[in-house]
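Please examine the sequence and the coordinates below before reading on. The briefing that follows is grouped by topic.

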Amino acid sequence: MSTDDKRRLALEKSMKEHNYEESALLEILHRAQEIYGYLDKELLMDIAQSLHLPPSHVFGVATFYSYFKLKRPGQHVITGCLGTACYVKGVDEIMRAIEKEYNIKRGESTPDGKLSLLVTRCIGACAMAPAIVVDDEMIAKATKEVVLQKIKEVLGGDKPESR
Amino acid sequence: MGDAIVTLKIDGVEVHVPEGTMILKAAKDNGIIIPTLCNLEGLTPYGGCRLCLVEISGSPKLFAACITPVSSGMEVTTQSEKLKEYRKMAVQLLLAEKSHVCSVCVANDHCELQSLANELGVDHTMFERNFTKEEIDSTHDFLVIDRNRCILCTRCIRVCDEIEGVHTLDLRMRGKDAQIIMDLDNKWVNSCSCTSCRKCAKVCPVGAIYIEGEPVGHTKHKEIAEFITERRQRKCK
Amino acid sequence: MEATSLNLADIQKIAEQEVDFERAYKYRINVCCSSGCVPLGALKVLKAFEDAVKELGVEKECKVARTGCPGTCAVGPAVMIEPGDYLYQNVTPEKAREIVRDHVVLGLPVKEMLYKNEAFYKKQQRLVLRNAGKIDPQRIQDYIAMGGYSAIVKCLATMTPQGVIYEVSTSGLRGRGGAGFPTGQKWGLVARAHSKPKYIVANLDEGDPGVFANRTLAEADPHAILEGMLIAAYAIGAEKGYLYIRSEYPLAIQTLQKAIAQARSISLLGDNILETGFKFDVELRFGAGAFVAGEETAILASVEGRRAMPRPRPPYPANSGLWGKPTLIQNVETLANIPLIIQNGGVWFSKIGTPRCTGTKCFSLTGKTKNPGLIEVPMGITLREVVFDIGGGVPEGRKFKAVLVGGPSGGCLPDTLLELPVDYDSLTRVGAIMGSGGIVVLDDKSCMVDTAKFFTEFCVDESCGRCTPCRAGLIRIKEIFDGITQGDARVEDITTLEKAGVYIRDASLCGLGQTAPNPVLTTLRYFKDEYLEHIQDKKCRAGKCFKNKEEEV
Amino acid sequence: MQVTEKTKVATIWLSGCSGCHMSFLDQDELLLELAKKIKVVYSPIMDIKKFPENVDVTLIEGAVANEEQLEMLKEARAQTKILIALGDCAVTGNVTALRNAWRDSDKLALEKAYVENTDKNAQVPTDVPKLLKKVHPLHQVVKVDYFIPGCPPSASVINYVLTELLSGRTPNMEGKSKYG
């Protein structure tokens with residue numbers, strides 16, 4: 001069985017568990033994103049058809065919630081926490097430094113898909129602000145230098161293509 | 001809705017309406033017109049535009065007349081300095097939100113936002129006007145959507161879902177980024193569910209959805225509420 | 001856990017067994033493994049303690065437990081050794097062995113490593129967080145040993161649903177989600193609603209940036225939430241509950257999933273709870289990053305799998321909520337109070353806090369404070385006590401400037417309001433809100449204009465877009481802020497800000513819009529001179545603004 | 001004010017199509033009535049180079065799109081008691097401000113007009129006043145006392161506003177604020 005089929009099967013299973021109920025749309029979108037990494041239109045259409053929901057409704061829901069991603073995220077994902085505590089402690093300056101270094105804007109990926117820079121509203125690590133997450137690893141009480149160094153490390157030798 | 005009749009006062013006038021009636025309707029049936037934009041008789045009330053805010057004595061809060069049911073002994077005020085100022089504010093915000101350039105709009109002279117601004121005397125906006133370049137989709141044979149004029153009243157979405165029953169239209173994103181979409185945000189010509197029924201164009205209060213080549217005045221000449229009620233009844237049979 | 005069907009008496013038995021079992025240990029080492037401490041290496045510390053205890057041969061007398069958060073997030077990883085509640089700060093795997101050797105083997109607490117902030121706990125009153133940091137959240141027995149689930153047993157064995165509602169009403173408890181609606185009254189409304197089935201939605205969608213109280217509660221004591229839901233279900237006659245939780249909280253989700261499974265396995269959830277015929281089950285629902293979903297009608301839409309757009313009320317959820325059925329929506333902190341009220345009586349609870357706002361409130365204390373962390377204080381405590389006594393004041397020798405109470409739609413309060421008691425009514429009076437309990441301390445390096453702009457941006461991003469004031473108004477406020485902070489503004493803009501702010505507050509459809517202008521209106525009220533300074537002198541005394549003009553163009 | 005002394009009125013044409021001025025002239029016979037009370041001291045239909053001092057009422061058509069217009073507007077404001085924004089361009093920016101949706105619209109507009117859409121001699125002229133980054137309605141630049149929206153405003157509304165002002169009353173714009 002190909003990876004595609006396996007993924008589809010996993011999604012189907014999840015939908016079945018929820019009896020294809022329309023109220024489970026969020027749960028299924030969560031699951032789909034877990035399986036596929038992001039939600040493209042084909043996938044959304046598939047879900048809409050399986051749950052007998054209008055496609056526009058599914059698209060509306062998927063884009064309403066910021067947690068769902070409709071584009072493939074970069075290989076490496078940097079997430080800056082823009083919660084209050086982190087903001088007060090200067091996360092904005094760190095983000096600006098990353099934007100400058102890699103010529104990338106918040107919410108974007110480099111054209112070669114190596115690096116994505118995202119923001120989130122509070123990861124709840126307020127006591128350790130400012131917090132930046134580099135590929136699932138949280139850097140607490142982050143500074144510009146530490147974060148840039150860390151990004152360099154995860155990227156290995158290659159510098160992502162800039163715009 | 002029960003058969004019980006509720007007695008209340010609107011602008012000092014005693015009115016009697018069936019229980020469950022919304023203040024807006026109760027007022028209209030008694031000759032008191034409250035300005036609205038998102039509301040359209042026959043569609044589920046939305047409560048979004050906030051034009052129909054009214055005061056109810058005993059409460060410091062304001063209530064949207066389209067979604068607040070009457071209750072016995074209620075005293076409603078539909079006109080006051082504060083309400084007028086707030087209605088002007090809502091119109092100003094809508095005018096400033098997108099490129100509302102009336103002189104080059106298909107709905108010029110047939111636009112509910114334009115006429116509200118006129119009636120209320122909104123002779124300028126205290127906010128800088130935004131000029132947007134949202135997508136215009138004219139791929140459909142005769143239906144066009146110009147998102148730069150949309151005030152997100154969602155009448156089109158509701159008529160598409162509740163009357164035509166296909167739910168081609170919905171909203172994408174949220175807040176300031178919200179926009180009307182077809183299916184999976186497809187071009188209109190690629191819509192798999194649109195029946196080209198034109199209802200969306202008929203209910204659009206501004207010039208956001210219109211029929212190409214047809215004067216907007218012509219599209220909207222028919223009393224929309226009547227049109228919808230008639231459709232509803234036909235559906236019931 | 002192997003047992004499947006327990007009855008009412010069995011809970012008592014488990015508790016007794018567990019207490020006996022615990023008694024066998026002389027010491028108990030509680031390692032905080034909550035979301036706060038894990039990134040700082042708490043799991044390694046846990047492992048180090050387990051190894052050290054084995055190595056030093058004290059496993060029989062010393063238990064190492066993985067617990068939730070004791071609240072002192074600033075000094076994590078935190079480890080508490082019982083008896084005596086010795087709290088060790090900044091523990092590393094290397095230090096673990098030393099602590100076990102000195103404290104457990106030799107009986108000599110390592111003084112240098114102890115947390116030396118008595119005030120932090122002294123002014124607190126931990127009811128909701130009674131078990132936080134003391135029990136293993138992954139073991140239902142730990143909760144039962146602390147008297148957990150005895151309240152639902154009491155309800156099922158000796159109380160009528162009306163009796164439960166009476167007790168909750170007597171307690172004076174008000175909803176902790178922000179608005180402060182009397183809980184007992186809400187339950188009465190749902191209980192009296194005719195239609196069936198009835199639902200409970202527990203709100204754990206803590207969307208406020210800078211707030212982590214609910215997450216910590218779920219990670220530290222998930223069963224307290226479940227027991228609160230059970231009691232509520234019994235009182236209002238619901239058979240199904242949804243626990244709506246942010247998907248950004250993986251550890252809390254895991255903990256709750258486990259807790260639900262454990263509760264089901266001993267028939268504390270399910271079709272025949274404790275063999276009494278009472279039926280109730282809980283399902284988790286995951287949020288997906290929408291602050292507005294915390295609003296009570298928006299959360300319903302979200303649980304139903306739709307866009308989390310608030311809808312008009314009436315109809316109220318108590319009569320027509322999920323799928324048009326009567327629904328009780330309650331914040332998890334409110335629910336965690338319930339078992340205590342049942343155990344100790346409503347009268348007992350009503351004596352805590354102030355007469356109009358009874359009980360305690362959890363706050364996430366962050367920003368420029370010496371002791372950031374999660375605290376729980378009796379209602380009516382003054383802001384000064386929170387900021388200076390518990391929080392220890394402002395670090396780095398800076399000067400206190402303002403305190404932001406109530407999250408992004410709260411209010412910025414100046415030092416002249418520090419004697420203000422913290423309760424729903426007092427906060428509303430000065431333009432702030434209780435919100436979900438965020439307290440952010442700002443020092444003289446913070447610019448109030450910039451702060452208000454930051455919160456406005458947040459609300460712009462989170463507005464659902466349904467109503468004109470919130471969708472089209474907040475963005476205009478944000479643009480005016482852009483002008484002010486970039487030196488491109490006129491004095492008249494202040495009037496525009498005020499007018500728009502008041503309009504958005506009065507005319508918005510839901511709580512988000514109605515409270516979103518709070519930061520703007522309070523900073524205009526208390527810090528107008530800073531606005532004028534920005535506009536007239538193009539000066540920012542905190543040195544934050546006027547920096548990025550070239551960059552952004 | 002002495003009976004013999006007429007109210008000094010000026011009209012200015014900034015970035016607009018002159019339609020508002022046409023509408024002003026459309027007052028037809030009512031203009032004769034007006035002429036008894038006012039004296040036009042400055043207008044694009046007159047050959048006066050410098051904006052005069054101590055003007056009572058100035059009607060301004062068009063939005064502010066370049067530096068020359070900006071100066072003109074400020075000068076007019078300084079010399080005028082009552083300044084009126086006449087027509088949608090002056091009140092909202094209207095069609096002239098559509099370019100605001102684009103970044104660097106000042107450069108873009110010139111290129112589109114003088115390079116992309118021309119066959120002969122395509123080059124951006126250097127002897128025109130410098131365009132502003134954005135087109136502004138009047139009240140974003142100076143204080144405006146009254147607004148007469150419309151594209152163009154109807155002659156009767158213009159006449160109404162002027163008549164009210166000349167009689168010392170404040171015009172009520174309800175029902176007289178039709179854009180477009």
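Which residue in the turn of the hairpin formed by β12(C) and β13(C) has a positive phi? The residue is G406(C), with a phi of about 105°, and five residues lie between the two strands. The model is predicted: local features need pLDDT of at least 70, side-chain atom pairs count only at pLDDT 80 or more, and totals for chains, interfaces and linings use all residues. Residues are numbered from 1 along each chain as its sequence is written, chains are lettered from A and ligands numbered from 1 in the order in which they are written, and side-chain values use heavy atoms, leaving out hydrogens and water.

- Strands, like helices, are DSSP runs numbered from the N terminus (strands E, at least two residues; helices H or I, at least four).
- Strand β12 of chain C covers residues 400-405, and six of its six residues are buried, where buried means under 20% relative accessible area, exposed over 50% and partly exposed in between (1.4 Å probe, protein chains only).
- Two strands count as paired if DSSP finds at least two bridges between them.
- β12(C) runs antiparallel to strand β13 (residues 411-414) of chain C, joined to it by four bridges; V403(C) has L413(C) as its bridge partner there.
- β12(C) also pairs in the antiparallel sense with strand β14 (residues 438-443) of chain C, over five bridges; I439(C) is the partner of V405(C).

**The four-stranded sheet**

- An open sheet of chain C has four strands in the order β2-β1-β3-β4, with mixed pairing.
- β2 (62-67) and β4 (86-88) of chain C are the edge strands, each pairing on one side only.
- From one strand to the next, the twist averages 20°.
- Helix α2 (residues 42-55) of chain C packs on this sheet and touches β1, β2 and β3 (79-82) of chain C, contact being heavy atoms within 4.5 Å.
- The direction of α2 makes about 170° with that of β2(C); axes are lines fitted to C-alpha atoms, for helices over the stretch in contact, and angles run from 0 to 180 degrees between N-to-C directions.
- Six bridges link β1 (residues 27-32) of chain C to β2(C) in the parallel sense, and V31(C) stands opposite R66(C).

**S463 of chain C**

- S463(C) lies in the loop between α17 (448-462) and α18 (468-485) of chain C.
- S463(C) counts as buried because its relative accessibility is 2%.
- Beyond neighbours within four places in sequence, S463(C) contacts R174(B), G175(B), C470(C), R471(C) and L512(C).
- The C-alpha atoms of S463(C) and L474(C) are 8.6 Å apart, with the residues eleven apart in sequence.
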